[in-house]
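I opened my notebook on a new structure today. Here is what I looked up, in the order I got to it.

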Amino acid sequence: MQIYYTTPIRERHQFNNLIWLRLEAPALARIARPGQFVLARSTPAPSLDPLLRQPFFLAGADPSTGMIELLIDPRETAATLVAEASVGATLDLCAPPVNPFTLAPTTQTLLLAGAGPSLPALLFLARYVAARMSVALFMAGDPGYLPPPFLLPPTVEVQVSAEGSAGLFTLLNATTTLATHPARWADQLALALPLALIAPAAAVIRSTRLRWERGFAQVALAGPLPCGLGICRACQIETRQGWQRRCSEGPVFDLRDVRVAG
Ligand code: FES
């Protein structure tokens with residue numbers, strides 16, 4: 001599998017404070033699945049600054065056009081350099097093999113819920129499956145830093161909280177009865193969260209479902225990926241299977257397997 005690409009930027013738009021890039025990467029667009037991240041750097045050769053590429057979850061990939069999409073929050077310094085690249089510029093991209101979201105063949109109703117840097121992975125997943133199942137997307141973040149719903153197919157139900165990441169749980173728990181709680185009616189739950197929100201997400205499931213089957217809730221975990229290739233081990237998290245690297249055993253994990261302190 002090819003993992004390094006030089007990709008020209010074909011489109012660039014600003015949606016509030018987020019930057020949306022459409023990149024030409026046919027080989028990657030063919031194989032990318034929701035949950036795929038890339039490590040990107042915008043560097044005029046021969047400069048080595050910044051040395052490390054910045055991780056971004058793909059917001060979409062279209063094999064028919066050969067395009068991939070990034071939705072960038074430019075508040076991270078290294079991300080700013082990529083976000084400021086203009087149409088026609090090229091990005092230096094690394095796309096390692098990853099563990100993507102996997103849906104059961106029986107899933108008809110999919111609940112997506114996310115906040116933070118891995119949220120674009122849910123846009124990719126919603127667009128990937130919306131034609132064959134019922135999809136609802138709950139997302140939360142800071143005002144001006146949330147993906148615009150018009151990037152999604154019209155059949156996707158979207159609910160948004162602009163009250164920071166914690167607003168996600170206000171959204172999820174807004175129902176007045178247990179029977180109508182979204183975690184109750186969904187066949188599967190796909191999450192995109194930083195590690196700090198794993199415990200509250202698990203608490204939502206435990207409080208709403210009688211049984212929590214393996215595979216029901218998967219999470220794309222956000223966080224720094226210094227090498228992104230399984231070498232430095234700086235991205236390790238504790239799981240039921242022991243210490244695992246987000247970049248190579250993840251970034252998508254079964255939520256039941258992720259262990260957090262407290
Ligand atoms: S980022 Fe280096 S091992 Fe995962």
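**Starting from one leucine**

I counted 21 C-beta neighbours inside 10 Å around Leu-146, so Leu-146 goes down as buried. My cut-offs: buried is 20 or more other C-beta atoms within 10 Å of a residue's own, exposed is 12 or fewer, and partly exposed is in between, with C-beta atoms placed from the backbone. A caution for myself: this is a predicted model, where local features need pLDDT of at least 70 and side-chain atom pairs count only at pLDDT 80 or more, while totals for chains, interfaces and linings use all residues. Residues are numbered from 1 along each chain as its sequence is written.

Where does Leu-146 lie? I found Leu-146 in the loop between β8 (134–140) and β9 (157–161). Helices (H or I, at least four residues) and strands (E, at least two) are DSSP runs, numbered from the N terminus. Setting aside residues up to four places away in sequence, I see Leu-146 touching Met-139, Gly-141, Val-160 and Ala-162. Contact here means that the C-beta atoms, placed from the backbone, lie within 7 Å. I also checked Ser-161: from Leu-146 it is 15 residues apart in sequence and 8.8 Å apart in space, C-alpha to C-alpha.

**The sheet next**

I traced an open sheet of six strands with mixed pairing, in the order β9-β8-β7-β10-β11-β14. The edges are β9 and β14 (252–254), each with a single partner strand, so one side of each has no neighbour in the sheet. Neighbouring strands of this sheet are turned by 20 degrees against each other on average, direction ignored. Strands pair, in my notes, if DSSP finds at least two bridges between them.

I then looked at helix α3 (residues 120–129), which lies across β7 (109–115), β8, β10 (188–194) and β11 (217–222) and runs at about 160 degrees to β7. For angles, axes are lines fitted to C-alpha atoms, for helices over the stretch in contact, and values run from 0 to 180 degrees between N-to-C directions.

**A glycine and a hairpin**

Is Gly-223 buried or partly exposed? I got 18 C-beta neighbours inside 10 Å, so Gly-223 counts as partly exposed. I placed Gly-223 in the loop between β11 and β12 (236–239). Beyond four places in sequence, the contacts of Gly-223 are Pro-194, Leu-195, Cys-235 and Arg-246. Pro-117 is 106 residues apart from Gly-223 in sequence, yet 7.7 Å apart in space, C-alpha to C-alpha.

From β12 I followed a hairpin through two residues into β13. β12 and β13 (residues 242–245) pair in the antiparallel sense over four bridges, and Glu-238 stands opposite Trp-243 in β13.

**Stepping back**

In total I have six helices and 14 strands in the protein chain. Buried residues make up 42% of the 262 residues.

The domain assignment, automatic or from a database, gives domain 1 (4–94) and domain 2 (109–257). Their C-alpha centres lie 22 Å apart. I noted 19 residues of domain 1 in contact with 19 residues of domain 2. On the side of domain 1 that touches domain 2, β3 (37–41) and β4 (54–62) are the elements giving two or more residues. β4 gives the most, with six residues.

Key: Contact = placed C-beta atoms within 7 Å.
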